Amino acid sequence: MNTTTNMFSSFWADTDYDSRRTDLLDDGEKPVKRGVDHVQLASYRRAISNFVNIVTNRSDIPVRFQTSGDSYTDGKIVNIGSKINEKNFDSIVGLALHEGSHIKLSNFELLKNLDYSIPEELFRLGEKKGLSRVGVTYNVKSVLNYVEDRRIDYYVFTSSPGYKGYYHTMYDKYFHSKHIDKALQTDEYTELDIDSYMFRLINLTNKNADLTALPNLKKIYSIIFKNKDNIKTIKSTDEALSIALEVINIIFKNIETPVQDDNGNKTEPGKEGESGEGNDTDGTTTISDEKLQEMLENGQVGNTSGQEKSGKKVELTERQKKMLDKAFEKQKDFVNGDAPKTGKLSKKDSGLVRTMEEAGVTYENAGEGIKDSWYGDRPAGKGTKVVLVKKLTRPMIEERVFPSLLSSTNLIEQNLRWDENADYIKEGIRLGTKLGKKLQVRGESRDTKWSRLDSGRIDKRLVAELGFGNSRVFQTTFTESYSDAILHISVDASGSMNGEKWTTTMTSVVAITKACSMIQNVDVIVSFRSTHETRGGRGREFQPIVLIAYDSRVDNFNKVKRDFANIHAGGTTPEGLCFEVLLKDFVPSTTDRDSYFLNFSDGMPMFSNKEIYYTGDTATEHTNTQVKKIRQMGIKVLSYFVSGGRYDSDREHRDFKTMYGRDAQYCNITNVLEVAKTMNKKFLEK
């Protein structure tokens, strides 16, 4: 498999994870090491959770990042490590699917109380072989886990074949090993003991497996994979246990009984005096890794129990044996549900990831193909990542997730209600109530009736005139009404909008939102655009950010009252980049629905980071292109220029016209009557 790209997830996952800063929320002014990318982890967890839900056909299996210890499945929750990138994503998905399928299909109560399901005669047999009751239970559980894994995997492979690739990648990472492949073709693990049988059992599906390496190994293979009741036909953990008990019974009968030395200590038969390295008196020879690999590739080592053509046995070096032991331990950990996952989150980071996910925060790419406006001779770039926040939540405000746009200082820290602070919110509601009354005509219908017609419905009042030769007794009624409407308000929340410009803009936004809440057939969405500052190992970096703060289709107007005072202006102006990200969320106009886009901004776009330099004519033209795309969706555009400050010049006015064309307005946005005039004109167009 390609070591740099996941073939199964590359169709959706970002391909530049390793080059991305991952310290979105680090505190302090000094540059810090790479931290946790809460946005990216939220996207990964959401995707993995969706995969688990699809494969298991259950939506109640949570997937969470581990906060301590190893990842494990307790029958209720799938835990995953937080060290995720594009290189290991597929294997992590595979393991999550594997564990999620266990939650769906395995009987965890049986596993917890396994010793009660083991026949007493098996305990007695184990005792004869030198095993305690705990040891017998442990070995039964290991064999059961192996059989149950094969049953679960077969279920997924047959019911959801599209996910096979994730499973193969998982086994490549956590289970398969070149050291195992080599050892299966030698005399390693061929003694009559538990470890040898477990090693050969766990690797029965390896292409290098030798069913003659141990007594009755072929029979064990048939019990698990060939008999009438095998892993392909059984339907429960209880049936898997029956197979496991049959297998472990064969193993116990074939392993040698330990003997005791003169001091009463148990020893393994045949181990005394065995040589380890070099040329031995029994003709054993030690070969190098390179020589063994060459022999494997040339077919000189196969199901021959480690015999060279010369008749000499093949034996691994001490280093190879150590690597083999580690690989075998890794396999046993996997079988016993202890596959290690790297990376764990602190409670704070875990909470922030959860906050990001609840708010639907994602990365979206924008600006691809834009040439550097400063160095015009540079080739067009791949764009930049834009943070899209699909829903404003209280935890996002309280935890200061995006401090350049959201602040908790206005209300939360002062323990104030909305009506005790933020006068511009109260003023906006007052003005909005007036504006709503002026716009309510949009939600009304008017009937016009024409009578004494030659056709139509009979006018009952004229029926008597039929006897006097009047045949024009028909009527027609025409009902005039407006279609449903949806309004998207987008607000420039850059630093130049701060101060009075911000409070007056927010007054108008709240007023319009309040007015629309009074109209039965009009929905409104409010979004804010700014930049988000991150701190990384190479200093400060920035990303455009779009926050959808209110959506009347799912939010109550009380959200405006409660939360809008915590939104403030800061950062630069990635105007068109944010519009590009919003395009897929805009609702186009149809025959029974009118769609509008209302913009508030104060001048030309300007933004830069290590990925893009976005300013001047390049940014202005890109913004104009996005506005044209909005119009092409049948959306009526209206843009207000927020005047005042050092950006209120002829150049800014010209650029504003370039970006928004005939839809640019320079009215006083604090004058509700003037806003009502332009809004009415647009809203009441037929």
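**Group meeting: a walk through the predicted model**

Let's start with a charge and a ring: the charged end of Lys173 sits over the ring of Tyr174, 5.5 Å from its centre. For this, the NZ of Lys or CZ of Arg must be within 6 Å of the ring centre and within 35 degrees of the ring normal. Lys514 does likewise with Phe557, its charged end 5.2 Å from the centre of that ring.

Before I go on, a word on the model. This is a predicted model, where local features need pLDDT of at least 70 and side-chain atom pairs count only at pLDDT 80 or more, while totals for chains, interfaces and linings use all residues. Residues are numbered from 1 along each chain as its sequence is written, and side-chain values use heavy atoms, with hydrogens and water left out.

Now to helix H1, residues 38-56. When I say helix or strand, I mean a DSSP run, numbered from the N terminus: H or I with at least four residues for helices, E with at least two for strands. How far should the 19 residues of H1 span? At 1.5 Å a residue the answer is 27 Å, and the end C-alpha atoms are 27 Å apart, so the two agree. The expected span is 1.5 Å times one less than the number of residues.

Is H1 mostly covered or mostly open? Mostly covered: 15 of its 19 residues are buried. Buried means under 20% relative accessible area, exposed means over 50%, and partly exposed is in between, using a 1.4 Å probe and protein chains only. At the N-terminal end, Asp37 caps H1, with a side-chain oxygen 3.3 Å from the backbone nitrogen of Val39. Just after H1, Asn57 takes a positive phi of about 60°.

Most residues other than glycine have a negative phi. Asn216, not a glycine, has a positive phi of about 65°. Asn216 is in the loop between helix H8 (194-202) and helix H9 (217-225), and counts as partly exposed at 38% relative accessibility. Arg400 has a positive phi of about 55° and lies in the loop between H14 and helix H15 (423-439). With a relative accessible area of 37%, Arg400 is partly exposed too.

On to the aromatic rings. There are 21 aromatic pairs in the structure; rings of Phe, Tyr and Trp (its six-membered ring) pair if their centres lie within 6.5 Å, and planes under 30 degrees apart count as stacked, over 60 as edge-to-face and the rest as tilted. Phe51 and Tyr166 have ring centres 5.5 Å apart and planes at 40°, so this pair is tilted. The pair links distant parts of the chain, from Phe51 in helix H1 to Tyr166 in helix H6 (residues 164-174), 115 residues apart. Phe51 and Tyr166 are both buried.

Phe579 and Phe597 make an edge-to-face pair, 5.4 Å centre to centre with 90° between the planes. Phe579 is in helix H18 (residues 575-582) and Phe597 in strand S15 (residues 593-601). Phe579 is buried, at 0% relative accessible area, and Phe597 counts as buried at 1%.

What about the core? A nonpolar core here is a set of buried Ala, Val, Leu, Ile, Met, Phe, Trp, Tyr and Cys residues joined through side-chain atoms within 4.5 Å. Of the 136 residues in the largest one, those touching the most other members are Ile48, Ile220, Ile224, Phe252, Ile489, Phe528 and Phe564. Helix H10 (residues 237-254) gives the largest share of this core, ten residues. Apart from it lies another core, of 30 residues, including Phe586 and Ile630.

Ser527 is in strand S13 (residues 522-536) and is buried, at 0% relative accessible area. Its C-alpha atom is 6.2 Å from that of Ile489, 38 residues apart along the chain. Not counting residues up to four places away in sequence, Ser527 touches residues including His488, Ile489, Val546 and Leu582; contact means heavy atoms within 4.5 Å.

Finally, Arg150 lies in helix H5 (residues 133-159) and is buried, at 10% relative accessible area. Which side chain does the side chain of Arg150 meet in a polar contact? That of Asp153, at 3.3 Å. A polar contact is a pair of N or O atoms within 3.5 Å; within protein, one must be able to donate a hydrogen and the other to accept it, and residues adjacent in sequence count only if both atoms are side-chain atoms. Arg150 also touches Tyr171, Phe225 and Ile231, leaving out residues up to four places away in sequence.
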